[in-house]
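Reader: Hello! I am new to reading helix packing, and I would like to learn how to do it. Could you walk me through an example?

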Amino acid sequence: MNFKLLAGTGAYTLFIGRVLKRLPKLPKRWQELIIQLKRIGFDSLFLITITSIFTGLVVAVQIIYQGSYYIPKNLFSVIIGKANMIELAPVLTGLVLTGKIGASIAAEIGTMRVSEQIDALQSMSIAPEEFLYLPRISAGVISAPLLTIYADLISIIAGWFFTWMRYGIRFFNFFNDMRIYFAPFDLIGGIIKAILFGFLITSLACFFGDKTTGGAEGVGHSTMQTVVYSSVGVLVLDFLVAILMMAHYL
């Protein structure tokens, strides 16, 4: 098991190296990049919106429940903002993209591999690393932080709405209190996490899709591997990045 894990890690590292070598060729594939930006970013907005609304509502409920007796009401907005910006928005956006985008890319690439479409591209001297993988990974790196910022906005507004319904906290007061305690590190930390999550999810999807064998069953297996490894990877990476960014406070 350990040997297979090490071998898989090595193969993934070499795969990433081959893709990154093609990075200077990205401007040539701008049309494919735009297609993938729409697919990963714009087409995910509805799901991100629903997830973010209920994330903001749940955070507000938990803060009111756990802190209503010893946390001043003017600090509710501060906690809601920080919890969403630095932790919940990037992580939940990453998990949503894992299920929606990671699985889709892995199934698409895997189907192309077992149906020999990728072999056909290589026979025409078209490198799949440049034509297929690089635009998808680049789109993931660009889209994930933008979706995270959008998720921040929606979840914080949803949190305000619940506090307004419960305590009558006005919009101006809510966001003014948040502004007073706002630290750029909170937003930047969440964006850094989102960039890494976007890279991890799309690169793993392309990697497992490229390694697909065995027809339809193999495509299903590659898709399952992508979702499992990406989900675990997002959580592990979230912890590691948090440790590095907050080492000064630990």
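Author: Gladly! Let us begin with handedness: a crossing is right-handed if the near helix is turned clockwise from the far one by less than a right angle, and left-handed if it is turned anticlockwise. This is a predicted model, and in it the crossing of H6 and H7 is right-handed.

Reader: Thanks! Before we look at pairs, how many helices and strands are there in the protein chain?

Author: The protein chain has nine helices and zero strands. Read from the N terminus, its elements run α-α-α-α-α-α-α-α-α. Taken along the principal axes, the C-alpha atoms fill a box of roughly 65 × 40 × 35 Å.

Reader: Now the pair you began with. At what angle do H6 and H7 pack?

Author: The angle between H6 and helix H7 (residues 171–180) is about 125 degrees, and their axes are 10 Å apart. Angles from 65 to 115 degrees count as roughly perpendicular and those over 145 as roughly antiparallel, so H6 and H7 are oblique to each other.

Reader: Which residues in H6 and H7 meet?

Author: On the H6 side they are Ile156, Ile157, Gly159, Trp160 and Thr163, and these meet Phe171, Phe174, Phe175 and Met178 in H7. By class, this contact of H6 with H7 has seven nonpolar, two polar and no charged residues.

Reader: What about H2 and H6: at what angle do their axes cross?

Author: The axes of helix H2 (residues 30–40) and H6 cross at roughly 45 degrees and come within 8 Å. That makes H2 oblique to H6, and H2 passes H6 in a right-handed crossing. Residues of H2 including Leu33, Leu37 and Ile40 meet residues of H6, among them Phe131, Pro135 and Leu147. The contact of H2 with H6 divides into eight nonpolar, four polar and three charged residues.

Reader: And how do helix H4 and helix H8 cross?

Author: The axes of H4 (residues 76–114) and H8 (residues 184–210) come within 8 Å, crossing at roughly 15 degrees. Angles under 35 degrees count as roughly parallel, so H4 is roughly parallel to H8. H4 passes H8 in a right-handed crossing, and their contact has 15 nonpolar, seven polar and six charged residues.

Terms used:
Residues numbered from 1 in each chain as written. Predicted model: local features only at pLDDT ≥ 70, side-chain atom pairs only at ≥ 80, totals over all residues. Heavy atoms only, no water. Axes fitted to C-alpha atoms, helices over the stretch in contact; angles between N-to-C directions. Helix = DSSP H or I, 4+ residues; strand = E, 2+ residues; numbered from the N terminus. Nonpolar A, V, L, I, M, F, W, Y, C, P; charged D, E, K, R; others polar. Contact = heavy atoms within 4.5 Å.
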